Amino acid sequence: MYFQRENYVASPHHNRMTDQDDFITHLLGFGLTEKEAHCYFHLLKYGPKTPSPLAKSLHTYREDVFRTLTSLIDKGMVRPSLDSPTLYTAVELDTALEVALKKHESELREMETRKRELQALAQQQRFRPSDEVTTFKIMKGLKEVLATVAPHILTLEEDFFAVVPENTVVVVSLFGINPLTKEFIERGGAVRILVTDFSYSGIQATQELIDIGAEVRYLGEETAIFAVFDKKASISGIHWELSSVSLDQPLTSLYTDDPAYAQYLTTTYEMLWKQSVPAEERIQELLEQGPPQADR
Amino acid sequence: MASGVVINGVRDALAVALQILESAQEELVWLIPPSINSLSRNYDFVEKARAFIQQGGASRGIVPISQANVGEVQMSLKNGEDVRHSDEVHELFMYVGDRQQSISAINIGIDEYTLDTPVTAFWSEDPTYAEYLLASFENAWSQAVPAEKRIQELEQEAGQA
């Protein structure tokens with residue numbers, strides 16, 4: 001423990017507790033998060049409150065303070081009233097710390113169990129007999145990425161999906177990936193593309209993907225770049241700041257045929273897909289806004 | 001054979017990170033959101049990181065620092081961890097030990113994680129995968145601000161308010 005049980009003081013007003021910061025630090029040592037510690041301290045010092053004035057005092061928003069209060073109730077450090085509006089009261093310090101300590105110890109025990117279970121699972125997966133040989137390979141340039149993507153699309157059987165920024169959509173359009181994708185779709189394959197963001201200048205390249213039969217959606221948030229082929233092989237990229245359209249652009253990418261990694265990317269992709277909207281909606285929005293002033 | 005394991009859930013991801021921390025000998029590197037940093041404190045990460053550093057290990061981490069978590073970061077600094085602040089949107093979150101073991105997850109835009117937040121993470125022992133993560137980390141590290149400087153800024157802001 002960061003703070004030994006016998007060293008804590010029974011009250012924030014006790015002479016050994018020099019100031020609020022010390023008290024908060026000690027609460028952190030009992031497994032409270034900083035938000036929880038501040039919230040508990042405030043209720044202890046100023047008495048019961050409803051979430052709105054509490055949020056104001058803690059300089060945060062109501063939903064945030066409500067989440068913190070829920071967690072403190074769960075930890076046995078705060079009690080809600082039964083009447084409405086609900087008043088939240090700090091549990092007396094000695095009792096609260098005792099409960100927090102027990103809860104902390106039980107969480108640590110649970111974590112130990114989970115750790116052992118996961119270690120056993122990892123061990124099992126690592127030694128599972130399999131014909132598959134997994135490769136992880138780092139690629140350092142756009143040319144290498146495109147040279148890896150093209151043969152994968154040619155040999156695809158079922159599906160291909162990717163999450164990419166606007167500049168990558170432009171690059172694949174210019175470097176001959178779209179005709180391969182079109183041919184795959186015509187063979188009966190499914191292609192889904194999630195564009196993280198695109199501006200007016202990206203409309204044409206995005207529309208081209210829609211026109212060849214890909215399902216394209218708009219995410220509107222930055223995230224990692226990746227593509228998964230037949231839920232087996234994948235390419236992931238970081239910091240693809242493609243400043244110009246050139247095959248010599250340096251970038252860091254990872255190619256792997258690890259099926260577990262493809263599964264991880266697939267699950268993540270489905271979560272992102274749910275957050276997105278059809279690309280046509282974004283295109284419509286951009287067309288209504290018109291080209292940016294500098295482009296006119 | 002597969003060289004990684006898919007991890008579902010924040011609690012299991014923390015269990016893996018704890019295992020990485022406990023088995024690391026030389027170096028820990030982490031880039032995590034503040035809410036995960038807060039949750040990790042329930043599982044003795046601070047104490048274990050201190051023991052790791054006392055035994056000669058080095059820990060470097062990036063986390064957004066605000067008034068809400070300044071005390072937590074100060075505890076990490078007191079431990080001897082090298083911490084930096086960044087407000088940038090990071091594409092990946094990661095916890096990497098000795099340039100080999102790692103757990104990572106793609107940022108899918110969740111503002112605040114709880115133990116019940118549905119997440120998918122990837123646990124790997126492949127050094128090439130760790131190298132890939134570290135390339136991302138070093139890029140973020142070079143743009144991040146030392147925690148001490150950020151804390152000073154926050155103290156000044158608080159003083160002015």
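This is a predicted model: local features need pLDDT of at least 70, side-chain atom pairs count only at pLDDT 80 or more; totals for chains, interfaces and linings use all residues.
I began with helix H10 (residues 259-275) of chain A, which lies across S4, S5, strand S6 (215-218), strand S7 (225-229), strand S8 (233-238) and strand S9 (250-256) of chain A and runs at about 115° to S7(A). I took helices (H or I, at least four residues) and strands (E, at least two) as DSSP runs numbered from the N terminus. For contact I used C-beta atoms, placed from the backbone, that lie within 7 Å of each other. Axes are lines fitted to C-alpha atoms, for helices over the stretch in contact, and angles run from 0 to 180 degrees between N-to-C directions.

Residues are numbered from 1 along each chain as its sequence is written, and chains are lettered from A and ligands numbered from 1 in the order in which they are written.

**Entry: the sheet of chain A**

I traced an open sheet of eight strands with mixed pairing, in the order S3-S9-S8-S7-S4-S5-S6-S10 (chain A). Its edges are strand S3 (136-141) and strand S10 (277-278) of chain A, each with a single partner strand, so one side of each is left without a neighbour in the sheet. I counted two strands as paired if DSSP finds at least two bridges between them. Strand S4 (residues 159-164) and strand S5 (residues 190-195) of chain A pair in the parallel sense over six bridges, and in this pair Val163(A) stands opposite Leu194(A) of S5(A). I then found that H5(B) packs on the sheet, where it touches S3, S8 and S9 of chain A, with its direction at about 35° to that of S3(A).

**Entry: helix pairs of chain A**

I looked at helix H9 (residues 203-211) and helix H11 (residues 279-289) of chain A, which pack at an angle of about 150° with their axes 11 Å apart. H9(A) and H11(A) are therefore roughly antiparallel to each other; in the terms I used, angles under 35 degrees count as roughly parallel, over 145 as roughly antiparallel, 65 to 115 as roughly perpendicular and the rest as oblique. Ile203(A), Thr206(A), Gln207(A) and Ile210(A) of H9(A) make the contact with Ala279(A), Ile283(A) and Leu286(A) of H11(A). By class these residues are five nonpolar, two polar and no charged, where Ala, Val, Leu, Ile, Met, Phe, Trp, Tyr, Cys and Pro count as nonpolar, Asp, Glu, Lys and Arg as charged, and the others, Gly among them, as polar.

**Entry: backbone details of chain A**

I recorded a cis peptide bond from Ser84(A) to Pro85(A), with omega near 0°; Pro85(A) is in the loop between strand S1 (78-80) and strand S2 (88-90) of chain A. Lys231(A), although not a glycine, has a positive phi of about 55°, and its place is in the loop between S7 and S8 of chain A.

**Entry: chain B**

I traced a second open sheet of eight strands, again with mixed pairing, in the order S1-S7-S6-S5-S2-S3-S4-S8 (chain B). Strand S1 (4-8) and strand S8 (145-146) of chain B are the edge strands, each pairing on one side only. Strand S5 (residues 92-97) and strand S6 (residues 101-106) of chain B run antiparallel and are joined by six bridges, with Ile103(B) in S6(B) as the bridge partner of Tyr95(B).

**Entry: the contact of the chains**

I found 42 residues from chain B and 47 residues from chain A in the contact. On the side of chain B that touches chain A, H5(B) supplies the largest share, seven residues, and the residues of that side divide into 20 nonpolar, 13 polar and nine charged.

Methods
Two residues are in contact if their C-beta atoms, placed from the backbone, lie within 7 Å.
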